[in-house]
Amino acid sequence: MHIEKIAQLIKENHSDAVILLNESNMHYACGFSPSEGVVVITACGDGYHIVDSRYTETAICHSKKTGLSVIEINSTFADEVKKIADKHGIKRIFFENETISFMQYEKYTQLLTDTEFIPLDNQFMQLRNVKDIEEINLIKDANNIAEKSFLELLPEVKAGKTEKELAALFDYIMAKNGSDGVSFDTILLAGSHTSMPHGVPSDRKIKDGDFVLFDFGATCSGYHSDMTRTVAVGHATDEMIEAYNLVLKAQLAGIKALNSGVKCADVYKASYDVLEEQDMAKYFRHSLGHGVGLDIHEGYNASPKSKDAFEVGNVTSIEPGIYIPDKFGIRIEDLLYISPRGRENLSKITKELIIL
């Protein structure tokens with residue numbers, strides 16, 4: 001199905017083919033993530049996956065579903081692309097101008113001298129941004145693994161444990177539960193460290209009365225999940241509880257605003273305004289959410305600068321937070337799918353404040 005969508009994109013833009021070198025874009029076409037290779041798809045729907053010997057068997061296995069013809073290189077990837085271009089009379093070819101290296105661009109343009117290279121810009125990402133049901137199911141599978149693992153980790157979260165220790169254990173539990181790998185480096189922070197939105201786990205030990213922030217995700221067949229939960233250990237002060245409930249209120253407002261046709265900036269504003277009413281928006285220092293799929297950040301962003309509007313098939317995080325330096329931070333993040341039937345929250349773990 002993805003090959004048909006790609007071929008349609010090529011035809012709509014009056015080109016003859018597209019050349020893909022970006023790992024995630026290749027995955028979208030060939031079904032897995034080779035660290036190196038090339039995918040070429042023509043406007044007629046003919047597709048080729050050019051690989052070296054490391055990936056031949058895997059590519060052939062996946063080609064039974066995708067229909068791509070697998071070519072193992074004898075010389076260079078570029079030489080094989082030239083043969084395909086000559087075979088199909090390719091005169092206009094889309095290329096990934098946003099991600100290709102200058103060295104690669106020079107190599108292909110110098111070899112395919114009779115072919116015009118047309119910038120793809122973000123059109124391929126827009127294609128990927130609208131997920132089909134198979135992709136949604138893989139994201140759900142990844143999310144289920146992550147949530148199961150989080151619940152298994154919670155009994156181990158106690159005073160005296162270090163951030164690094166628990167982050168490593170978390171990654172292990174997700175792998176044990178079937179994750180192909182983490183979506184990103186697990187963020188697990190305690191106490192004042194939680195005021196760093198993307199802090200790195202350290203040797204800091206959890207103390208009684210700390211907030212502990214977990215930002216985590218699993219992967220399934222290349223597709224990512226993403227979730228953040230903030231819990232308290234031992235007890236929470238009135239200030240901590242009040243701040244937590246405010247972030248939750250802001251998150252619920254953002255979720256309620258999320259629908260097909262709604263501007264990304266308006267979804268951001270729905271959450272921001274809740275924090276601003278209590279003079280806490282100054283501690284909210286990032287966008288409200290981002291698309292999730294083959295990349296952990298892809299597609300639309302729910303940010304005040306965005307010019308996009310959400311549409312059916314999008315998967316996005318909704319994750320407001322407040323970060324008070326040298327004190328504490330709170331973030332609550334769910335993953336949302338805009339289905340043909342309406343908004344669907346893929347995240348099932350409670351958002352009521354957990355005190356361990």
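This is a predicted model: local features need pLDDT of at least 70, side-chain atom pairs count only at pLDDT 80 or more; totals for chains, interfaces and linings use all residues.
Trainee: Which residues have the most contacts inside the largest nonpolar core?

Mentor: This core has 37 residues. The elements that each give two or more residues to the core include α1 (2–12), β1 (17–20) and β2 (38–42). The residues with the most contacts inside the core are Ile6, Val18 and Ile41.

Trainee: Which residues does Ile6 touch, not counting residues up to four places away in sequence?

Mentor: Contact here requires heavy atoms within 4.5 Å. With that exclusion in sequence applied, Ile6 touches Val18, Tyr28, Ala29, Ile41, Phe124 and Leu127.

Trainee: How many residues does the second, separate core have?

Mentor: In soluble globular proteins, nonpolar side chains tend to be buried together. The second core is separate and includes Met240, Ile255, Tyr268 and Phe328. Its residue count is 32.

Trainee: How many residues apart in sequence are the parts tied together by the pair of Tyr28 and Phe124?

Mentor: The two rings form an edge-to-face pair, 5.7 Å centre to centre with 80 degrees between the planes. Tyr28 belongs to helix α2 and Phe124 to helix α6, so their pairing ties together parts that are 96 residues apart in sequence.

Trainee: Does Phe124 count as buried or exposed?

Mentor: The cut-off for buried is under 20% relative accessible area. Phe124 has 2% relative accessibility and therefore counts as buried.

Trainee: What is the geometry of the pair formed by the rings of Tyr105 and Phe117?

Mentor: Planes over 60 degrees apart count as edge-to-face. The ring centres of Tyr105 and Phe117 are 6.3 Å apart and the planes stand at 80 degrees, so the pair is edge-to-face.

Trainee: Where in the chain do Tyr105 and Phe117 lie?

Mentor: The pair links distant parts of the chain, the two residues being twelve residues apart. Tyr105 is in helix α5 (residues 102–111), and Phe117 is in strand β6 (residues 116–119).

Trainee: Which residues do ring pairs link into a cluster?

Mentor: The structure holds 13 aromatic pairs. Ring pairs link into a cluster the residues Phe150, Phe170, Phe214 and Phe216.

Trainee: Which lining residues are closest to the centre of the largest pocket?

Mentor: The largest pocket holds about 440 Å³ of space. Its lining draws at least two residues from each of α1, α2, α3 (56–66) and α7. Of the 18 lining residues, the closest to the centre are His2, Gly31, Lys65, Thr66 and Glu134.

Trainee: How many residues of the lining of the largest pocket are charged?

Mentor: The lining includes eight nonpolar and six polar residues. Its charged residues number four.

Note on methods:
Residues are numbered from 1 along each chain as its sequence is written. Side-chain values use heavy atoms; hydrogens and water are left out. A nonpolar core is a set of buried Ala, Val, Leu, Ile, Met, Phe, Trp, Tyr and Cys residues joined through side-chain atoms within 4.5 Å. Buried means under 20% relative accessible area, exposed over 50%, partly exposed in between (1.4 Å probe, protein chains only). Helices (H or I, at least four residues) and strands (E, at least two) are DSSP runs, numbered from the N terminus. Rings of Phe, Tyr and Trp (its six-membered ring) pair if their centres lie within 6.5 Å; planes under 30 degrees apart count as stacked, over 60 as edge-to-face and the rest as tilted. On a 1 Å grid over the protein atoms alone, a cavity is a set of points where a 1.4 Å probe fits but cannot get out, and a pocket is an open set with protein on both sides within 12 Å along at least five of seven lines; lining residues have an atom within 4 Å of a point. Grid points are joined across faces, edges and corners, and a volume is the space filled by probe spheres set on the points. Ala, Val, Leu, Ile, Met, Phe, Trp, Tyr, Cys and Pro count as nonpolar, Asp, Glu, Lys and Arg as charged, and the others, Gly among them, as polar.
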